[in-house]
Amino acid sequence: MEETSLAARLYRSQKLIRRAEEEIARIYPTDKIKSPVHLSIGQEAAAAGVCEALQPEDIVSITYRGHAGYIAKGAPLKKMFAELFGKSLGCAAGKGGSMHLVSMQDGVLGASAVVGTTIPVAAGVALALKQRQEKRVVVCFLGDGATEEGVFCETINFAVLKRLPILFVCENNGFAIHSPLSKRWSTLDLLSRVKTFGLSCHDVPDGNPFVVYQEAAKAVMDIRRGGVPGFLNVAVYRWKQHVGPGEDFHVGYRDQAEYKRWVKRDPIELVGKTLSEKTRNVIDNEVEEKIAAAIKFAEDAPWPNQLETFSQVYA
Amino acid sequence: MPKASRILSYFEALNEATVQVMENDPSVFLFGLDVDDHLGINGTTLGLSQRFGEGRVFGTPLSEDAMTGIAIGSAMAGQRPIHVHIRMDFLMLCMNQLINVAAKAHYMYGGTVKVPMVVRSIIGKSWGQGAQHSQGLHSLFMHVPGLKVLAPSNAYDAKGCLIEAVEDDNPVIFVEHRLLYGTKAEVPEEVYRVPFGKAKVVCEGNDVTIVGISNMVVECLRANKILEGVGISSEIIDPVSLMPLDLKTIAASVKKTGHLIVVDNGWTACGASAEIVASVSELLGDRLIKTTRLGYQPTTCPTSPVLEKVFYPNPVTIAEKTFSMVKPGSPEWHPSPELAELAYQTEFKGPF
């Protein structure tokens, strides 16, 4: 059955991310979403490919550009939209917003707006799994900028030292807000740096979602069998501005020609063209229905009671 | 039948509390630089790695930032870590994780996660510990909603507070003081808890309320004796828990005495003493009370013993400050400088 094939699953997952975020961009100017949004449009392959290699009980740690990871891991879209709308039925009860998506029951650890802070937290979860001798694996998504934080090196050292069941996945889009790697890295060879800590390294330099899946599957299998922690570098390209729904090529910090090259190898089309038109249509309709239902859910959901401001300060 | 109490030192009480919580709950683990070495954090963790194995008691790399995140993540996943720092000054390397993640996670993630962790740290006053080995920074943590802050001043509270802290579902900053480690108190053998948010009236009095924080409780008790000599009866209060803070007990005392002096083991500006004075004033409304504070001098901590003496409050400065507040207009009074020797100075020796 083509609709349950790997290609169909990758297509469905990426399409859901893409279309959900296009809807966010569409709704954003109405001010119904009062939370800064960092979109992954163009970068879907990383989240979709990696999560395809995981089991439902595995855990992912996402970043503030985290809609993609949240969706790809299978957390409820309705609760994500409700959270963006600031409603009480949001995944963080209207207290987190776009940058702090969470869904513990689906294995999605909460995201942080402070770059890199989630890296050791994800490793801490992996330590807990190891201490309890559980066979689950943690995937820690991070951006290229996060590898510059001291805590990244501290954490990968500890992860290898303790052989934690964790795969670090760098969604490498080449920019920290507006600063390119060339202004930030002494050498562009990230994997060589990381390798010295003893991690098992994998690279997907063209961001092909099939290859992302294959490499992630290999790494996860190895970790589940007790191997060293992994590091997977996935080259991606962010089509939209750093934060917000629009484009930013007019401001001049990046080259539009590069963007066009990446658009030509759109990860969704790359997978889509291997499927029949019929299958694509079935999936597309499914995706649209799901998003429409999620937006309606968010629109209809009640606002939080103002007294909720004071709850959950302490557990 | 309840087991007997024995006299234990502060450090022994902490060690015993850790053993008991670890025996009772397999999710508790303890880690931090050198918790498993031959010194065992001034004896507080001695023998634990042998008893519980290196899976549950282990030393760490010098990576305080990441190790704090590790504690947080493991706590979110259902473990109960105790993260130990040999000096409180090192907590500055943990601030991002403590303030931006630990304190906020339960709230920011809509109540879907809990962070039950304890961060133990030691204030290392005296013997020339100096600028970066002596700071009492508890006030920084009191400022941020989501954290609990404890500063037990004796062996009994140390054990009961640590057990309570480990069993609590929130991040707890556990403030210890090196000079308290040798102090002894009656400590029951059995597991018991000292509840958060309950101050203790250590010594009753009528003329002035003196609140002492951490080891300043010891110095306030000595000031109390000096003040008795000039007919001033002081009520000494130990908040034990700084967040939550038991303002009711303090305010009730101030209502009786009309005078409040807070003696902190930290700076006064924006500190615990400022918070206590302001909150008590607010609670007592229009009632006329006199308030004052004592703490570190507004300088960096020096190392020379001559300068160190000026930097810290001592029984004489506490007594003098109290005297001038309670008996304004009286002729100046200076107790014997010998009484200014801090409690530890008769027993504490180096090298560390």
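Let me begin with a term: pLDDT is the predictor's confidence in each residue, on a scale from 0 to 100. What we have here is a predicted model. For chain B the mean pLDDT is 94, and 96% of the residues in that chain reach 70 or more. As for the model as a whole, its scores are ipTM 0.96 and pTM 0.96.

I turn now to the contact between the two chains. Chain A contributes 33 residues to this contact, and chain B contributes 34. On the chain B side, at least two residues each are supplied by α3, by α4 (95–102) and by α5 (105–108). The largest share of that side belongs to α3(B), with nine residues.

Let us look at α3(B) in detail. Which helix of chain A does it meet, and at roughly what angle do the axes cross? The partner is helix α6 of chain A, residues 150–161; its axis and that of α3 of chain B, residues 64–76, come within 8 Å and cross at roughly 65°. The crossing of α6(A) past α3(B) is right-handed. From α6(A), the residues making this contact are A:G150, A:V151, A:E154, A:T155 and A:F158, while α3(B) provides B:D65, B:A66, B:G69 and B:I70.

Conventions. Residues are numbered from 1 along each chain as its sequence is written. Chains are lettered from A and ligands numbered from 1 in the order in which they are written. This is a predicted model: local features need pLDDT of at least 70, side-chain atom pairs count only at pLDDT 80 or more; totals for chains, interfaces and linings use all residues. Axes are lines fitted to C-alpha atoms, for helices over the stretch in contact, and angles run from 0 to 180 degrees between N-to-C directions. Helices (H or I, at least four residues) and strands (E, at least two) are DSSP runs, numbered from the N terminus. A crossing is left-handed if the near helix is turned anticlockwise from the far one by less than a right angle, and right-handed if clockwise. Two residues are in contact if their C-beta atoms, placed from the backbone, lie within 7 Å.
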